Amino acid sequence: KKVSDKIAAGEVIDRPVSIVKELTENAVDAGAENITVEIRNGGKTFIRVTDDGCGIEPEETETAFLRHATSKISRAEDLDAVESLGFRGEALASIAAVTRTTLVTKPGDRKTGCRLVIHGGTVIEKSAVGCPDGTTMVVTDLFYNTPARREFLKSDGAESTRIIDLVSELSVVYPGIRFQMINNGRTIFTTSGNGSMKQAVLAVYQLSEYRDLVEVDREAEGFRVTGCISRPSLNRPNRRNQYYYVNGRVVDSRVMEKGVAQGYRERLFEGRFPVVFLHLRTNPGTVDVNIHPNKKEVRFHDDKPVVRVISEAVRQALATDDA
Ligand code: ADP
Ligand code: MG
């Protein structure tokens, strides 16, 4: 089977947040240290994602917008061990088809950059420009050429909330990247990019009680667990303040929840839940990555070591905090 068949046409740009998701994941994949996301009107009229990553060679800018053009995967077997966030190679094509998109990009070893303007999938302009290293994507006028699809968009506020939530999650899972989120000209948050997940959580959520979160860092059995969790005294009546990530992706995981519960054991009262931000990293071969872009479930080939490593990580962090 060809790679392009195997990956299938799962990609749908249905709302502004889908665009922001693809553009920010591309920026992460490009090795950016700084990523700025700017939106106006819930992203319906304006989205700009700026990164200082590897950039795109001028002669490859148009190729990047072709369907199934990906520089990140070449063999079908690779799909079983996908490490970069993007791998379907159709995001830019899908975005450009339903918007007016401008790409400005320059690899670090080039003197001049390239500017490519695409309206509804058609290249309008390509020119050499002076610009900083990295990539800026400006996406405006979502669904300008398919007005019926605009009807399905929610209010500006609802769309911007989804986008801010997405960028918040990404900022926490990549604390080594400095993220800036700007909505209608107002800076919502800026993370330091200093590598601490707890610092990123504080910068993003700006809750004073999160200052007391306990840092978690444990490596065992081929897993690395990092993040931060609340002391038993700071708990919640539901799991809404729990965030789990596997290999850079936000996931829902009963298995990870179970590990956390076992780690706290009798420290928590029945029906109370700790605040949790936990990132589990492991060899991509030991988990089933969500091939579908919107699915959040994750399946481990073996649940037991996951529960064990997470519960030990939690116990260790709480014990260190007690001492
Ligand atoms: P995918 O991410 O699945 O490869 P995309 O359609 O999202 O597909 O992007 C197509 C290609 O364009 C990528 O494989 C990459 O080579 C290039 N690209 C896109 N965004 C960036 C970026 N911000 N920095 C560097 N290269 C990029
Ligand atoms: Mg991509």
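Which strands does H9 lie across, and at what angle does H9 run to S9? In this predicted model, local features require pLDDT of at least 70 and side-chain atom pairs count only at pLDDT 80 or more, while totals for chains, interfaces and linings use all residues. Residues are numbered from 1 along each chain as its sequence is written, and chains are lettered from A and ligands numbered from 1 in the order in which they are written.

H9 lies across S9, strand S10 (223–229) and S15, and runs at about 135° to S9. Helices (H or I, at least four residues) and strands (E, at least two) are DSSP runs numbered from the N terminus; axes are lines fitted to C-alpha atoms, for helices over the stretch in contact, with angles from 0 to 180 degrees between N-to-C directions. Contact denotes C-beta atoms, placed from the backbone, within 7 Å.

The strands belong to an open, mixed sheet of five, ordered S9-S10-S15-S12-S13. Its edges are S9 (214–220) and S13 (249–251), each pairing on one side only, where pairing requires at least two DSSP bridges. Neighbouring strands are turned by 20° against each other on average, direction ignored. S12 (residues 242–246) and S15 (residues 276–282) run parallel and are joined by five bridges; tyrosine 245 stands opposite histidine 279 in S15.

The axes of H8 (residues 254–264) and H9 (residues 303–322) come within 7 Å and cross at roughly 40°. The contact includes Val255, Met256 and Tyr264 of H8 and Val306, Ile310 and Arg315 of H9.

Methods:
Contact = placed C-beta atoms within 7 Å.
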